[in-house]
Structure formats: structure tokens, C-alpha cells
Amino acid sequence: MSQTERTFIAIKPDGVQRGLVSNIIGRFEKRGYKLVAIKLVQATEALLNEHYAEHVGKPFFPKMCNFMMSGPIVAMVWEGKDVVKQGRKMLGATNPQDSDMGTIRGDFGIDLGRNVCHGSDSVASAEREIKIWFNENEIVNWSANQSIWIYE
Ligand code: DGI
């Protein structure tokens, strides 16, 4: 399995407003994943229509869009072995009511519409979402010296 798999992780406006940025980044760092891109983004309707294309037209979509535009989002690309699937596990179930304790949403969320974070749900989604949120030149290829202590 590739150690250079990448996923798109976002801390939504509720996570930023509640001061959860360092905790969430810390979980990915401590697990051993490598941060290869990060920025603070004020989302636009156009960007959200593209990112959430599968949800456009659903009843909850306008409210979700307003929430996602209500403040800054921390957009990130994390890299590592199986990071897409493992990242989703670290986030927890979409609805915090169903998220296990110990996951980000299970530890910090109550309502579906305030579920703190986003993570790509497949390698194909990750590739699509990374292109939506980042330009190629915003992604940094670097070697983490600690990798020999993370991977066998
Ligand atoms: O990939 P996820 O974020 O885990 O889940 P998703 O792609 O199915 O949904 C995207 C976001 O949309 C989710 O994080 C919260 C919101 N959402 C999804 N289904 C509903 C919803 N919000 C409301 N209010 N009602 C829904 O049924």
C-alpha cells in the first residue's frame, strides 16, 4: 500500500470557531501522517457547489452551504499509508450521534449540521476534492525524517 496516498481533510467553520484546529491537526500529526498542504479558506457558493456536487438540490443543501460559508475553513491535504480510509475512521460517522467516542466527531460533535470536519470518502474523491481546493503549486512534496519510525 502506497505511503504517498493523499486525502483532503477540512476543519469546518464550527471547528475553527470552537478552537479545535490544533487538536484536529495534532491527531493526524501524532498518528504519523504527513501534512503536505494547508490554508484558511472563506468558501464561496461556487466552490461548495463543486465540492458537494452530489448534494446540490437536496433539501438540506442551502442551509449547509450557509453554514459552510459562515466562517473560515481549514483546508488540508494529508499523506500516508491508507490515509483516506484511516482519515474517515479518525473523523467518525457523518452524524455525530452515531460517531464512536475517540473520533473527532464523537468527541466534539452533537448535531449532523455541525459535524466539525470533512474527509474524502475514497481515493477518487480525494483526488477530485484536492483539485477543487488546491492548486498544484500549493502542495509541497517533502521528506519526513520520522518516517523510519512510523513505517516498518
Ligand atoms: O462525507 P460526509 O461529510 O461524512 O457525509 P456526506 O457527504 O453524506 O454529507 C456531507 C455533509 O452534508 C455532512 O457532513 C453533513 C451534511 N448532511 C448530510 N446529510 C444531511 C446533512 N445535513 C443535514 N442537515 N441533513 C442531512 O440529511
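**Reading the ligand site**

Author: Let's start with the ligand: one of its oxygen atoms is 2.8 Å from an N or O atom in the side chain of Asn 115. That is a polar contact, meaning a pair of N or O atoms within 3.5 Å; within protein, one must be able to donate a hydrogen and the other to accept it, and residues adjacent in sequence count only if both atoms are side-chain atoms. The protein covers 73% of the 530 Å² of accessible area that the ligand has on its own, with areas from the Shrake-Rupley method and a 1.4 Å probe (for residues, only the protein chains shown count as cover). Before we go on, this is a predicted model, where local features need pLDDT of at least 70, side-chain atom pairs count only at pLDDT 80 or more, and totals for chains, interfaces and linings use all residues. Residues are numbered from 1 along each chain as its sequence is written, and side-chain values use heavy atoms, with hydrogens and water left out.

Reader: Which residues surround the ligand?

Author: A residue is near a molecule or strand if one of its heavy atoms lies within 4 Å of it. Here the ligand is surrounded by Lys 12, Tyr 52, His 55, Phe 60, Met 64, Arg 88, Thr 94, Arg 105, Leu 112 and Asn 115. Lys 12 has a polar side-chain atom 3.0 Å from a ligand oxygen atom, and a polar side-chain atom of His 55 also lies 3.0 Å from an oxygen atom of the ligand.

Reader: Where does UniProt place the feature "binding site"?

Author: UniProt positions are given in the numbering used here, feature names are shortened, and annotations may be inferred rather than shown by experiment. The unreviewed entry puts "binding site" at Lys 12, Phe 60, Arg 88, Thr 94, Arg 105 and Asn 115. Of these residues, Lys 12, Phe 60, Arg 88, Thr 94, Arg 105 and Asn 115 are included in the lining of the largest pocket. On a 1 Å grid over the protein atoms alone, a pocket is an open set of points with protein on both sides within 12 Å along at least five of seven lines, a cavity is a set of points where a 1.4 Å probe fits but cannot get out, and lining residues have an atom within 4 Å of a point.

Reader: Is Asn 115 buried or exposed?

Author: Buried means under 20% relative accessible area, exposed over 50%, and partly exposed in between (1.4 Å probe, protein chains only). Asn 115 counts as buried because its relative accessibility is 3%. Asn 115 sits in the loop between helix 6 and strand 4 (117-119); helices (H or I, at least four residues) and strands (E, at least two) are DSSP runs, numbered from the N terminus.

Reader: And what is Asn 115 in contact with?

Author: Contact means heavy atoms within 4.5 Å. Leaving aside neighbours within four places in sequence, Asn 115 is in contact with Lys 12, Asp 14, Thr 94, Pro 96 and Arg 105. Now look at Arg 105, in helix 6 (residues 104-108). Arg 105 is buried too, at 4% relative accessible area. Among the residues Arg 105 touches, not counting those up to four places away in sequence, are Leu 91, Ser 99 and His 118.

Reader: What does the side chain of Ser 99 reach?

Author: That side chain reaches the backbone oxygen of Ala 93 at 2.8 Å. Ser 99 is found in the loop between helix 5 and helix 6, and is buried at 6% relative accessible area.

Reader: How many residues apart in sequence are Leu 91 and Gly 119?

Author: Leu 91 and Gly 119 are 28 residues apart in sequence, but 7.2 Å apart in space, C-alpha to C-alpha. Leu 91 lies in helix 5 and is buried, with a relative accessible area of 1%.

Reader: One more backbone thing: what is phi of Val 116 near?

Author: Phi of Val 116 is near 70°, a positive value in a residue other than glycine. Val 116 lies in the loop between helix 6 and strand 4, and is buried at 0% relative accessible area. Asp 82 is another residue to look at: its phi is near 60°, again positive in a residue other than glycine. You'll find Asp 82 in the loop between strand 3 (73-79) and helix 5 (83-91).
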